[in-house]
Amino acid sequence: MTISPDKLQIELAAPQRVGSTRAAYQSLWLLVRMYQARRIGGPDGLVRLTELRQQFLDTRSLRMVVSRAYRDFARWGVRAGWGENSARDPRFLNPEGRSQGPFWLPLEEAERIEICVEGRPADASEVADFLGQADTMPWRGPGMAYGVEFWLALALAQQDLRQDRLLAVFEPDQAPAQGALAGFKQAAGLASGALQQALAALGEAAVWRRLDDLGAARQTLAQLRRALKEAGADEGGYLDAMEQILTAWCAYAQRDSEQASAILTDMAAREPRAGVVRHHPRVRFEWHNLMALIRRLRALGGSAVDLAIRRQEAMAAQGHFHTALQAAFEFGSFDAAQQAAANAGMAVWLFAGEGLLDDAAGAEATALRWLLLSEYLCHCSRGEGLSAWNAIYLMRIARGPCPRLATPTLAQFQALLPRNPAQLQALAGMLPGLDKQVLLPDSWLSLAESLLQLQREGRARYSLLQRCGLWFEHAWYALHTGQLAAADASLCRLTEEMSALPASDRAFFVESWRTLPSI
């Protein structure tokens, strides 16, 4: 390749220029970032599309940004390339698909660029400041490849995800914690290949799902699919399988259980994904836990469905929950295990109430034992209990014996006798090694208040469905104890939030509300 040896001077101070020509900021940003990546970044010098997306969040079309940038490069006499192979001659690349990146400069092009600030050579911090990197992407010496920084950023983001620190948290007199979402975005900016990009995208998609932003989750999953396509074969198939699992979760969250089931069924029927489901314990846990929830939903689908079919679905759900629990212990995750245990416990209680179990006599005690196991595992994995789902399930079970009166008077409602925590403790029976007094609260109202307080303080973040469940349980027990103002405040919050729920979940709260007295 023959490239002019003439030096090309870039001025970063406003008004920005390339040579004597005024430069559009977005085009100049990409050129400077490609220069930085080639001279001091990874050996391939690649700049990923994800980085542009993070830098220009308000841009409607990145395709237009890229097209304009490459037109400007040509006008400035710069030959820039695109695609995974940064050894190619840019003159022979097909512009089709250029907008997807990755983007790079040939080494010879990078060597003839001089970056200046007010006419003098720019130092590393000035280049980083122009690119908006601050301290998130350290300046490295020539030839040093991306290494430990990516894995450290990924580890910190995954730990924040495990601890439910999804967004930035600011505590008085403490350094701000960036949270999992920002952490995975930072890891994406440090990634040196498509598979690292895919790992970061997988984590980010999981955060968006937990934040109930399914649109952002699906968009991030599309990035993950593109990264896997760029990378070629996904060794072991884990990332591909988890992309499918998360896509199914997004469908399930919208109560499109048939779509979610179709995705999972196809995974288990087609190699190589079927082999990953069988042999990778994390994937096996996710697959069986979600399939169990789908089968549970079918079993509880209403009296219009044949009872024998509903019983089959209930049995299948229990089998999937137990397989998920076993897989969770195989890969040593108490957090995953507590999810499976909680889901299994609530399923037993719901199935017994619908007459779907052959032996319903001991179902309530069995459900409680599963939930107490789940709460114990929460203490082990997070250093504290207070799982929102466990709390909601326990409070629902506690008021299970109360007749569901239609629009009762306040006096009728307060005459109901929900079980207190001590009564549930006795009903659960002996559980060797567990101190059930630590796992159960002093009162149900104090439990609901403590969880909502954690949410208000930003120390916990619950899904939309969890928040609605907590608002309702708090209102129920506040009404029962005569705290009418507190109950009214919770019902107002429930009204605000439940409108965003899928229709089937919204219907549950509308029906439950009819069992409360007017206040």
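Let's start with Phe73, which is buried, with a relative accessible area of 1%. Keep in mind that this is a predicted model, so please take each value I mention as computed from it. A few residues along is Trp76, and at 8% relative accessibility it counts as buried too, because the cut-off for buried is under 20%.

An α-helix has 3.6 residues a turn, so residues three or four places apart point the same way. The rings of Phe73 and Trp76 form an aromatic pair of the tilted kind, with 6.1 Å centre to centre and 50 degrees between the planes.

Now to another residue of that helix, Tyr70. Tyr70 pairs with Trp82 in an edge-to-face arrangement: the centres are 5.5 Å apart, and there are 85 degrees between the planes. Tyr70 sits in helix α3 (residues 62-76) and Trp82 in strand β4 (residues 81-82), so this pair ties together parts that are twelve residues apart in sequence. Are these two residues buried or exposed? Tyr70 and Trp82 are both buried.

Elsewhere, Arg255 lies over the face of Tyr252, at 4.7 Å from the ring centre. Across the whole structure, a search finds 14 aromatic pairs.

Next, the nonpolar cores. The largest has 112 residues, and the members touching the most others are Leu264, Phe351, Met395, Trp444, Leu470, Trp476 and Leu494. Apart from that one lies another core, of 38 residues, including Val18, Ala23, Val32 and Trp104.

What does Trp476 touch, leaving out residues up to four places away in sequence? Its contacts are Arg399, Cys402, Phe413, Leu416, Pro418 and Leu516.

Last stop, helix α8, residues 194-210. Why call α8 largely enclosed by the rest of the structure? Because 13 of its 17 residues are buried. After α8 comes Asp212, whose phi is positive, near 70 degrees.

That's my tour, thanks everyone!

How values were computed
Residues are numbered from 1 along each chain as its sequence is written. This is a predicted model: local features need pLDDT of at least 70, side-chain atom pairs count only at pLDDT 80 or more; totals for chains, interfaces and linings use all residues. Side-chain values use heavy atoms; hydrogens and water are left out. A nonpolar core is a set of buried Ala, Val, Leu, Ile, Met, Phe, Trp, Tyr and Cys residues joined through side-chain atoms within 4.5 Å. Buried means under 20% relative accessible area, exposed over 50%, partly exposed in between (1.4 Å probe, protein chains only). Contact means heavy atoms within 4.5 Å. Helices (H or I, at least four residues) and strands (E, at least two) are DSSP runs, numbered from the N terminus. The expected span of a helix is 1.5 Å times one less than its number of residues. Rings of Phe, Tyr and Trp (its six-membered ring) pair if their centres lie within 6.5 Å; planes under 30 degrees apart count as stacked, over 60 as edge-to-face and the rest as tilted. A charge sits over a ring if NZ of Lys or CZ of Arg is within 6 Å of the ring centre and within 35 degrees of the ring normal.
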